[in-house]
Amino acid sequence: MSTNLPDPTGLPGTGVHRIEKVALTAGLHDRSARIIGGGIAGLTAALALAARGASVTVTERAPELTEIGAGLQISPNAGRALEALGLGPALDAVSIRGRGVRMWDSAGRRIATLDFLAHRPQARFRMIHRARLIEVLAAAADAARITLRLGHAIEALPREPLVIGADGLHSRVRQVLNGTEAPFFTGQTAWRALITDPEPPTDGTGWADLFLGPKRHLVSYPLAGGLRNIVAVRQRPDWQAEGWSHHDDPAHLRAAFAAFGGPVPGWLAAVRETGIWGLFRHQVARRWHDDSRVLIGDAAHPTLPFMAQGASLAIEDAWQLAACLDALPDQPAAFERFQSLRADRATAIVALADRNARAYHLSGPARLAAHAGLRAIAAVAPARLTARFDWIYDYDPTRLGA
Ligand SMILES: Cc1cc2nc3c(=O)[nH]c(=O)nc-3n(C[C@H](O)[C@H](O)[C@H](O)COP(=O)(O)OP(=O)(O)OC[C@H]3O[C@@H](n4cnc5c(N)ncnc54)[C@H](O)[C@@H]3O)c2cc1C
């Protein structure tokens, strides 16, 4: 299999390192799986199934495994599954280790610091370029002899005993299982951009910085290779298109965040190219499976990006689906078990991201009161702020018995 990923950084030293081939059990050696979609969910599921002996084909509509130029935070909950698949060292070589989140107001005054590294020193938060993650997954898939069919969009679902719908936000498999559903526009659009980091980390660790302003917020964090990722969200009632591929003039981004202080003006001045897209809210799928087909990742539970958990949930799904299929030879029972393991957690995280969408954009007195409350907790009991997310980050998908 050839991955043929362009290096969007143009920088040396970001190649794939130290992929270990992992064999967990041979429990699925007599099973064949067809995965629709070669994104994060599809490739991770392919690896998790192959590690248990299954023969796997991934069908991806894109002619190449390319990824948009953007960063991703992979939290320890998902990291545990990737590490169990032997990918820890390869990921560490191409990521920055996250220390936590620093929250600022739009003027650049500190609100609170969530020091996840101090709270959880053994766990790894990784901040990684999406292309680097796909590259690591694809190299591991190659080593595991997974068949990848590129340039093939599935319309009619194949009649095979095990079909996994990892086909993302506008999933064809979800549509077949659930009928046509209408997401609704949240009234928010997001710009994303990559810049050369004016102050790249020197010790391989870095913070995610979150700046909160009235009806808008901006998140930024460093990536390996001297890059910095920026996501800037604002409320805007008039947008209609969902998708990642709309280009915009960086001047619009700068104008929308002109009132922001701290390092933000310098970062935005460095933006040469930006994409913009509308944020839509989707329901978690009602039906995740029938007897031969099952949904994972965004196909099952797309989330707004305000908890940075979409890819992490997809990775957890991938591991747990393989574990359920391995533990329960009766496939419909395995699918049922998989949905029951996953649905409540995914629904809770999607709901939390929805709540953050509102909390991040407060205006007027509500904003001042919320920031004052956070500052007070940060001053007297900072651990209370970090502990609020233990249920997300301490979760270990590899330990839950199927
Ligand atoms: C601004 C933003 C920031 C984010 N930040 C984070 C973050 O920090 N941390 C995090 O965990 N998550 C984050 N996410 C969410 C994360 O990007 C997604 O949840 C994740 O990419 C979902 O992976 P997936 O494999 O399910 O879907 P996708 O990545 O969408 O992959 C689906 C694949 O299926 C293919 N496909 C679709 N239809 C067909 C078909 N009919 N036939 C064949 N192939 C098909 C597509 O081409 C694609 O390759 C962010 C999202 C956004 C928008």
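A crossing of two helices is left-handed if the near helix is turned anticlockwise from the far one by less than a right angle, and right-handed if clockwise. The legends below describe a predicted model, in which local features need pLDDT of at least 70 and side-chain atom pairs count only at pLDDT 80 or more, while totals for chains, interfaces and linings use all residues. Residues are numbered from 1 along each chain as its sequence is written, and side-chain values use heavy atoms, with hydrogens and water left out.

**View 1. Helix α2 against helix α9.** Helices are DSSP runs of H or I with at least four residues, strands are runs of E with at least two, and both are numbered from the N terminus. Helix α2 (residues 76-84) and α9 have axes that come within 8 Å and cross at roughly 45 degrees. Axes are lines fitted to C-alpha atoms, for helices over the stretch in contact, and angles run from 0 to 180 degrees between N-to-C directions. The two helices α2 and α9 are therefore oblique to each other; angles under 35 degrees count as roughly parallel, over 145 as roughly antiparallel, 65 to 115 as roughly perpendicular and the rest as oblique. The crossing in which α2 passes α9 is left-handed.

**View 2. Helix α9 against helix α10.** An angle of about 155 degrees describes the packing of α9 and helix α10 (residues 331-359), whose axes are 9 Å apart. That makes α9 roughly antiparallel to α10. Here α9 passes α10 in a right-handed crossing.

**View 3. Residues around the ligand.** The shell around the ligand comprises 27 residues, of which E60, Q73, R130, D298 and A311 come nearest; a residue is near if one of its heavy atoms lies within 4 Å. The largest share of this shell, three residues, comes from α9. By class, the shell has 12 nonpolar, 10 polar and five charged residues.

**View 4. Polar atoms facing the ligand.** In the side chain of R130, an N or O atom is 2.8 Å from an oxygen atom of the ligand. A backbone N or O atom of I154 is 2.9 Å from a ligand nitrogen atom, and a polar backbone atom of S312 lies 2.9 Å from a ligand oxygen atom. The protein covers 88% of the 1,000 Å² of accessible area that the ligand has on its own, as computed by the Shrake-Rupley method with a 1.4 Å probe.

Key. Polar contact = N/O pair within 3.5 Å; in protein donor to acceptor, adjacent residues only side chain to side chain. Nonpolar A, V, L, I, M, F, W, Y, C, P; charged D, E, K, R; others polar.
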